[in-house]
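Please look through the structure shown here.

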Amino acid sequence: GGQRQRVALGRAIVREAKVFLMDEPLSNLDAKLRVQMRAEIIKLHQRLQTTTIYVTHDQVEAMTMATRLVVMKDGIIQQIGTPQDIYSHPRNVFVGSFIGSPAMNFFRGYLQGTYFIMGKTKIQLPDFLIHALHSQGHNEKEVIMGARPEHIVYHKEDSKRELNNEFCFTTTLDMIEVLGAETILYASLEKQTFVARVPLLCEFEAGDKGAFSLNLTYVHFFDGETEERISTNVNKKVKYSDKCID
């Protein structure tokens, strides 16, 4: 199946068409060959400069190959932009959860004054977030806070860190995935599971207790009902339409 798929891909390319439409052209290949073919297609595109529409369910393929990324759900376009724009400024909860591996963490809670509250945990928000959220009428309302795994840092010992724009808390590790150059940690806060990426090979065990710090500079907020992104940076360069596109 993989050989037939590559032959079909070669036949399409040698026709020198003005537009290539590729519908999951690497789906039958093993993992190693997929990576190799991904690189070959990127080099071919750079050399031929032919417009290519590439359909895939693999978000790694989408992020690594695209110059413009279109994220769709149920036939509706959710967001259009460069891979980095979409990763850094997801338009809604679906896009935030779909783009990125591991996916973005989501914490449900509500705003009360200068705090984001979930259960018994109160997180003091930086001034720029408070101003942005209050000015858009989200005080005393349910919101969703999103945080990428790389922005949650694990500390072996509870070091009582007191850094600006950081929220520190202590919890227990539920599960560990060792990937060689990095380690993925699973834990929970107020019964809401989250994932942290540690960029080192460290000796962790399930049941270990330690301190986590969340960098609030990089968190995202979404409306609790619509799950649409709440703009927290008035100077951001990324723009997208107010409505989804059929």
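Phe169 counts as buried because its relative accessibility is 10%; buried means under 20% relative accessible area, exposed over 50% and partly exposed in between, with a 1.4 Å probe and protein chains only. This is a predicted model, in which local features need pLDDT of at least 70, side-chain atom pairs count only at pLDDT 80 or more, and totals for chains, interfaces and linings use all residues. Residues are numbered from 1 along each chain as its sequence is written, and side-chain values use heavy atoms, leaving out hydrogens and water.

The mean pLDDT of the chain is 86, where pLDDT is the predictor's confidence in each residue, from 0 to 100. Over residues 234-246 pLDDT stays under 50. Where pLDDT is low, the predicted coordinates should not be read in detail.

The structure holds 9 aromatic pairs; rings of Phe, Tyr and Trp (its six-membered ring) pair if their centres lie within 6.5 Å, and planes under 30 degrees apart count as stacked, over 60 as edge-to-face and the rest as tilted. Phe106 and Phe222 pair edge-to-face, at 5.9 Å centre to centre and 65° between the planes. These two residues are 116 residues apart. Phe222 is buried, at 0% relative accessibility. The rings of Phe169 and Phe194 are also edge-to-face, because their planes stand at 80°, with centres 5.7 Å apart. Phe194 is buried, at 0% relative accessibility.

Ser27 counts as partly exposed, at 39% relative accessibility. The C-alpha atoms of Ser27 and Gln5 are separated by 8.6 Å, although the residues are 22 apart along the chain.

How values were computed
Contact = heavy atoms within 4.5 Å. Helix = DSSP H or I, 4+ residues; strand = E, 2+ residues; numbered from the N terminus.
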